[in-house]
Amino acid sequence: MDNAREMNDVGKAIDAIVQDIAPKLIGIRRDLHAHPEIGFELQRTAGVVATELERLGIACRTGVGRSGIVADIVGGAPGPCLVIRADMDALPIQEMTGLAYASTIPGRMHACGHDLHTATLLGVGAVLNQLSGKLRGTVRLVFQPAEETIDSGAAAMIADGVLDGVDMALGFHNEPGVPAGTTGYIRGASFASADSFQITIEGRSGHAAQPHEAVDPIMVAGYLLTQLQTIVSREINPIRSAVLTVGRIEGGDAYNIIPDSCMMAGTIRTRAPETRDAMEAAVRRICAGTEIMHRVTCKLAYSRNLPPVMNDDGLLDRTIAAVRLQGGTIHEIDGGFGAEDFAFFSERVPSSHIRIGSSQPGRRDRVHNSNYQPDESCIAHGVLALSRTAMELLN
């Protein structure tokens with residue numbers, strides 16, 4: 001009974017702290033939004049984060065994974081180490097919102113809400129630092145660069161030891177498909193894997209009027225394009241579906257010449273490790289068969305870029321329960337085929353990833369859009385959900 005009363009008091013304390021700091025967090029978010037930085041080049045953004053952590057009395061390490069920041073909040077008793085991670089980088093998009101705090105840097109915009117994430121994690125730091133005596137263990141705040149680039153900031157920070165001694169991890173992302181004030185979760189894969197391929201088909205050039213004297217790589221590319229799609233429609237279990245998209249085809253320089261080669265490139269997304277393996281094996285098999293059938297050479301470059309973000313069922317259940325204890329609304333939502341490099345965390349330690357609702361009434365926003373306008377109240381809701389989850393996991 002005493003423990004239940006104590007955790008009820010913790011919930012009230014979290015509410016009070018968040019209510020007090022919410023306006024400042026929105027101010028930090030707007031400042032970051034007006035000054036977006038991309039990739040690993042986050043000098044100003046990292047400076048804002050480090051300055052705020054210093055103001056809160058939280059020691060931090062800078063330059064982790066090139067430009068990331070790590071801060072540990074040590075509890076009043078020994079226990080496990082929990083990572084809570086936020087990404088900080090923006091996108092190379094020209095902002096079209098017309099907001100008073102819109103991007104001041106041409107061609108750059110926080111169109112994925114990483115400014116929201118950064119402000120949210122600073123808020124979590126403020127809450128947990130005040131309540132650290134009630135924690136059993138350590139919370140490691142991870143502010144990560146370069147989530148939006150192929151050169152992953154998560155991988156860089158892990159290489160610099162950010163997961164050393166870590167037992168579990170929490171990830172989160174704003175979700176414009178969910179109303180602000182509501183939290184979503186997805187069992188299994190919270191995000192899909194993201195792999196890429198490039199196939200160069202080498203034939204033999206010739207005159208367009210004499211196709212029998214050539215080996216036409218463009219015709220073979222058309223055949224290969226349709227064959228690749230049969231992997232999803234006829235080889236993969238529909239329950240464990242996948243997406244294969246060819247987004248680029250290049251070949252030829254003149255209308256009356258059959259070229260020597262044609263190139264196609266695309267992406268493959270899956271939501272289960274075994275499906276990921278099956279897709280790659282099938283692409284390799286179809287390329288090999290195409291060579292025999294059409295007298296061409298298919299040079300395949302296949303890159304495994306990101307694994308899926310896999311939720312640990314037990315940790316996710318505890319996260320859901322914690323959000324509800326804090327008075328939050330949380331429900332299961334549909335998964336998709338977007339990708340996120342928090343996958344490198346979930347690949348190494350048990351992880352839970354949630355979606356913080358950010359939609360404004362009357363809008364149908366989507367991330368990576370030049371007019372993205374999330375509801376800023378999602379910052380406070382995220383702080384409530386993540387702070388209470390940390391308290392429950394480390395109590």
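**Sheet, pocket and cavity in the predicted model**

Helix α6 (residues 273-294) lies across β8, β10, β12 and β13 and runs at about 170 degrees to β13. Contact here means heavy atoms within 4.5 Å, and axes are lines fitted to C-alpha atoms, for helices over the stretch in contact, with angles from 0 to 180 degrees between N-to-C directions. Helices (H or I, at least four residues) and strands (E, at least two) are DSSP runs numbered from the N terminus. The model is predicted, with local features requiring pLDDT of at least 70 and side-chain atom pairs counted only at pLDDT 80 or more, while totals for chains, interfaces and linings use all residues. Residues are numbered from 1 along each chain as its sequence is written, and side-chain values use heavy atoms, with hydrogens and water left out.

The open sheet consists of 4 strands in the order β10-β12-β8-β13, with antiparallel pairing; two strands pair if DSSP finds at least two bridges between them. β10 (242-251) and β13 stand at the edges with a single partner strand each, so one side of each is left without a neighbour in the sheet. From one strand to the next, the twist averages 15 degrees. The antiparallel pairing of β8 and β13 extends over 9 bridges, and Thr200 stands opposite Lys299 in β13.

Grid points are joined across faces, edges and corners, and a volume is the space filled by probe spheres set on the points.

The largest pocket holds about 900 Å³ of space. Its lining comprises 36 residues, of which Arg269, Gly338, Ala339, Glu340 and His368 are the closest to the centre. At least two lining residues come from each of β5 (168-179), β7 (189-191), β8 (193-202), β12 (261-270) and β13 (297-306), and β5 gives the most, with 6 residues. The lining has 14 nonpolar, 12 polar and 10 charged residues, where Ala, Val, Leu, Ile, Met, Phe, Trp, Tyr, Cys and Pro count as nonpolar, Asp, Glu, Lys and Arg as charged, and the others, Gly among them, as polar.

The count is 1 cavity of 30 Å³ or more. The largest cavity has a volume of about 50 Å³, and its lining includes Leu116, His117, Phe172, His173 and Cys378. Elements giving two or more residues to this lining are α3 (114-130), β5 and α9 (377-393). The lining of the largest cavity divides into 5 nonpolar and 4 polar residues, with no charged residues.

Definitions and conventions: 1 Å grid on protein atoms, 1.4 Å probe; cavity = no way out; pocket = protein on both sides within 12 Å on 5 of 7 lines; lining within 4 Å.
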